[in-house]
Amino acid sequence: MTLDPAWLHGTLRSLETRSARPARYVLALSGGLDSTVLLHLLAGTRDLHDVPVDAVHVDHGLHDDSGRWAAAACAHARSLGIACRVIRADVGRDGGPEAAARDARYAALRTTMRAGDWLLSAHHRDDQAETLLLNLMRGSGPEGLAAMPPCRPFGPGHLVRPLLTITRDELSAYAAAEGLSWTDDPSNRDTVFDRNYLRREVLPVLARRWPDSAARIARSAAHLGDIGELLHDVADHDLAAMSAVSGRLPVSGVRALGRERQAQVLRRAVDRAGLPKLTARALREIVTSLLAARDDASPVVHWAGAECRRYRDTLYLATVPAEPAFDGLELAPDAPVSLGPGYGTLSLTLQPGTGLDPDRAAGGLVLRRRTGGEEIKPFGQRHTRKLKKLLQEHGVLPWRRDTLPLVYAGERLVAVGDLWIAADAVAAPGLALRWDGAPDYRESPAGGPS
């Protein structure tokens, strides 16, 4: 095997059996050795495919030189003809520093993803061995001991690791042969961090006794991955039997399973929804709190930027929503307004049929959030109604009701998202309200998955 762009292209094509062909390659570019090599290889593949290629650098802001490292990484990408952007990660304080930085990094990367994207990560075989040992020390089950799969759902696309069969030494040799330079983060030498301790203190000792120890550990991870695939098949069968859809599971269906299969179904549903891996604590809370809650309760469990909520007979899995950013923004015809990350865009377009009166729009429209007490007489209905009651009857999820964009003409509520237009604000031809990229805000019909 020769590590070159043709090899990378072949590896990426082989991974298409696990996912549809990518709409775009997005390289997670740290600027270190591994991702710098992957960047160079990826740049060399562009004559072999027609997939757009971008790069993104996550700045954790944990080092005084992080801004300089970000600029250097992006400059290198651009010198190879690959667009690069920098995003900041908000590193929290939950868990250890390694876990907090990892969770923040993946949460930031998830925001860059579009439907069908492949996020390419430069994890290699030595990383795989370290990950298995780390998870072994954490007491992980088969899925954790399978370490890192080469391809898994991630946000609206997939997270792909094409270098898992390549060693760190092979990457170093390639970088030397190509004259590549990279950034060396000094924190990578600090053995106070578990991964660094394994890399610098434990694995070298194992290698002195078993020179191919990293390869053996990675092979064990692959075998456990095969077992994991079988467990996934069982969970997929259970999910299909309960008519679950992405991000939604019927409580009654999960309750009907034994404890072990409940855990596997929940982990699999989280994975299929492209969310961060379910932690042991969160899994325990879902089983003991959400599944056992009263039907009229609305409990929630959070982990690593994701959440599981229960409403009636359904569990809802999603990323933790950001606060909407549209309060006070003006809305005008043919000028789509971004409602903030995760909320899409709202636009007004003239159509031949009934819609919002253009004269109302000409007087100026403003977006606001719900504060309580709003009333509207929707077009086609006989009476003015409390918005709270309308939202309940329409099956809008409780935690989404205060994030719907309300359209005001002066102090008059004239529309609610893309749901209703006020009867006295309608005309034909009129302006159609279109909400692209709207979050999933409606309850499943009859309390079950839609």
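Me: Let's start with the rings. How many aromatic pairs does the structure hold?
Reply: Five aromatic pairs. Keep in mind that this is a predicted model.

Me: Take tryptophan 435 and tyrosine 441. Are their planes stacked or edge-to-face?
Reply: Stacked, because the ring planes of tryptophan 435 and tyrosine 441 are at 20 degrees, with the centres 5.5 Å apart. Under 30 degrees is what counts as stacked.

Me: And are tryptophan 435 and tyrosine 441 buried or exposed?
Reply: Tryptophan 435 is buried, and tyrosine 441 is buried too.

Me: Which residues form an aromatic cluster?
Reply: Tyr311, Tyr316 and Trp399 come together as one cluster.

Me: What about charges over rings: where does the charged end of arginine 368 sit?
Reply: Over the ring of tyrosine 408, 4.5 Å from the ring centre. Arginine 105 does this as well, with its charged end over the ring of tyrosine 106 at 5.9 Å from the centre.

Me: OK, switching to salt bridges. How many are there?
Reply: The structure holds 33 salt bridges. One of them joins aspartate 440 to arginine 248, where the closest N and O atoms are 2.9 Å apart.

Me: Why does that pair tie together separate parts of the sequence?
Reply: Because aspartate 440 is in the segment after strand 22 (430–436) while arginine 248 belongs to strand 7 (residues 248–250), so the bridge ties together parts 192 residues apart in sequence.

Me: Is arginine 248 buried or exposed?
Reply: Arginine 248 is buried, at a relative accessible area of 3%.

Me: What does arginine 312 meet in a salt bridge?
Reply: Glutamate 443, at 3.1 Å from N to O. Arginine 312 sits in the loop between strand 9 (306–311) and strand 10 (314–319), and glutamate 443 in the segment after strand 22, so this pair ties together parts 131 residues apart in sequence.

Me: How do the two ends compare for accessibility?
Reply: Arginine 312 is partly exposed at 40% relative accessibility, whereas glutamate 443 is buried at 13%.

Me: And which residue does aspartate 424 pair with?
Reply: Arginine 360, with 3.9 Å from N to O in that salt bridge. The two are 64 residues apart and link distant parts of the chain: aspartate 424 is in the loop between strand 20 (420–421) and strand 21 (426–427), and arginine 360 is in helix 13 (residues 358–362). Aspartate 424 is partly exposed at 39% relative accessibility, and arginine 360 is partly exposed at 25%.

Me: Which residues do salt bridges with shared partners join into a network?
Reply: Asp126, Asp127, Glu130, Arg168, Arg195 and Arg199 are joined into one network.

Me: Now helix 5. How many residues has it, and how far does it reach?
Reply: Helix 5 covers residues 125–137, which is 13 residues, and reaches 19 Å from its first C-alpha to its last, close to the 18 Å expected.

Me: Last one: which residue just after helix 5 takes a positive phi?
Reply: Glycine 139, with a phi of about 75 degrees.

Definitions and conventions:
Residues numbered from 1 in each chain as written. Predicted model: local features only at pLDDT ≥ 70, side-chain atom pairs only at ≥ 80, totals over all residues. Heavy atoms only, no water. Phe/Tyr/Trp six-rings, centres within 6.5 Å; stacked < 30°, edge-to-face > 60°. Buried < 20%, exposed > 50% of the residue type's maximum accessible area, 1.4 Å probe, protein only. Lys NZ or Arg CZ within 6 Å of the ring centre and 35° of its normal. Salt bridge = Lys/Arg side-chain N within 4 Å of Asp/Glu carboxyl O. Helix = DSSP H or I, 4+ residues; strand = E, 2+ residues; numbered from the N terminus. Expected span 1.5 Å × (residues − 1).
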